[in-house]
Amino acid sequence: MAYRETFRMNQRDFDQENQEKIEEVREHFKNEYPYVDLGMLSDDTINAFLNQGYIASLWFERQMDCLYDYILSQDLCGVEE
């Protein structure tokens, strides 16, 4: 198998894993923080935040707490009261 084909396969796997992670994040927020509307937040923004070294090393629930704090502190999403 050529390098280029292997790279494309690895990229597809990586993209699939990222998409699954984003879906998990959105589902978590829907269940745990239903008053936060993630619809306005792009997948790229979520992905970039979660892939930071110090965030990526945390367990999932802690990552979500940090993402929640980040979203609110930067006024990135609507919050229903």
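**Rings, helices and burial**

Author: Let us start with the rings. Phe29, Tyr33, Tyr35 and Tyr68 are linked into a cluster by ring pairs. Keep in mind that this is a predicted model.

Reader: How many aromatic pairs does a search of the whole structure find?

Author: The search finds five aromatic pairs.

Reader: What makes the pair of tyrosine 33 and tyrosine 35 edge-to-face?

Author: Look at the distance, then the angle. The ring centres of tyrosine 33 and tyrosine 35 are 6.4 Å apart, and rings pair if their centres lie within 6.5 Å. Their planes stand at 80°, and planes over 60 degrees apart count as edge-to-face. The pair is therefore edge-to-face.

Reader: Are tyrosine 33 and tyrosine 35 buried or partly exposed?

Author: Tyrosine 33 has 12% relative accessibility. Buried means under 20%, so tyrosine 33 counts as buried. Tyrosine 35 has 31%.

Reader: Why is the pair of phenylalanine 49 and tyrosine 70 called stacked?

Author: The angle between the planes is 15°. Planes under 30 degrees apart count as stacked, so this pair is stacked. Its rings are 4.7 Å apart, centre to centre.

Reader: Which parts does that pair tie together?

Author: Phenylalanine 49 lies in helix α2 and tyrosine 70 in helix α4, so the pair ties together parts that are 21 residues apart in sequence. Phenylalanine 49 is buried, at 7% relative accessible area. Tyrosine 70, at 29%, counts as partly exposed.

Reader: How do you know that the buried residues of α2 line one face of the helix?

Author: Helix α2 covers residues 43-50, and Ile46, Asn47, Phe49 and Leu50 are buried there. Seen down the axis of α2, the buried residues fall within an arc of 165°, so they line one face. An α-helix has 3.6 residues a turn, so residues three or four places apart point the same way.

Reader: What makes aspartate 44 exposed?

Author: Aspartate 44 is found in helix α2. Its relative accessible area is 64%. Exposed means over 50%, so aspartate 44 is exposed. The C-alpha atoms of aspartate 44 and isoleucine 22 are separated by 9.2 Å, and these residues are 22 apart along the chain.

Reader: Why is histidine 28 called buried?

Author: Histidine 28 has a relative accessible area of 16%. The cut-off is under 20%, so histidine 28 is buried. Histidine 28 is found in helix α1, residues 3-32.

Reader: Which residues does histidine 28 touch?

Author: Leaving out residues up to four places away in sequence, histidine 28 touches Tyr33, Phe60 and Met64. Phe60 and Met64 are among the buried residues of α4.

Reader: How do you know that the reach of α4 is close to the one expected?

Author: Helix α4 spans residues 60-73 and has 14 residues. From first C-alpha to last, α4 reaches 20 Å, and 20 Å is expected at 1.5 Å a residue. After α4 comes aspartate 75, whose phi is positive, near 50°.

Reader: How many helices and strands does the protein have?

Author: The protein has four helices and two strands. From the N terminus on, they run α-β-α-α-α-β. Of the 81 residues in the protein, 27% are buried.

Terms used:
Residues are numbered from 1 along each chain as its sequence is written. This is a predicted model: local features need pLDDT of at least 70, side-chain atom pairs count only at pLDDT 80 or more; totals for chains, interfaces and linings use all residues. Side-chain values use heavy atoms; hydrogens and water are left out. The expected span of a helix is 1.5 Å times one less than its number of residues. Buried means under 20% relative accessible area, exposed over 50%, partly exposed in between (1.4 Å probe, protein chains only). The arc is that of the directions from the helix axis to the C-beta atoms. Rings of Phe, Tyr and Trp (its six-membered ring) pair if their centres lie within 6.5 Å; planes under 30 degrees apart count as stacked, over 60 as edge-to-face and the rest as tilted. Contact means heavy atoms within 4.5 Å.
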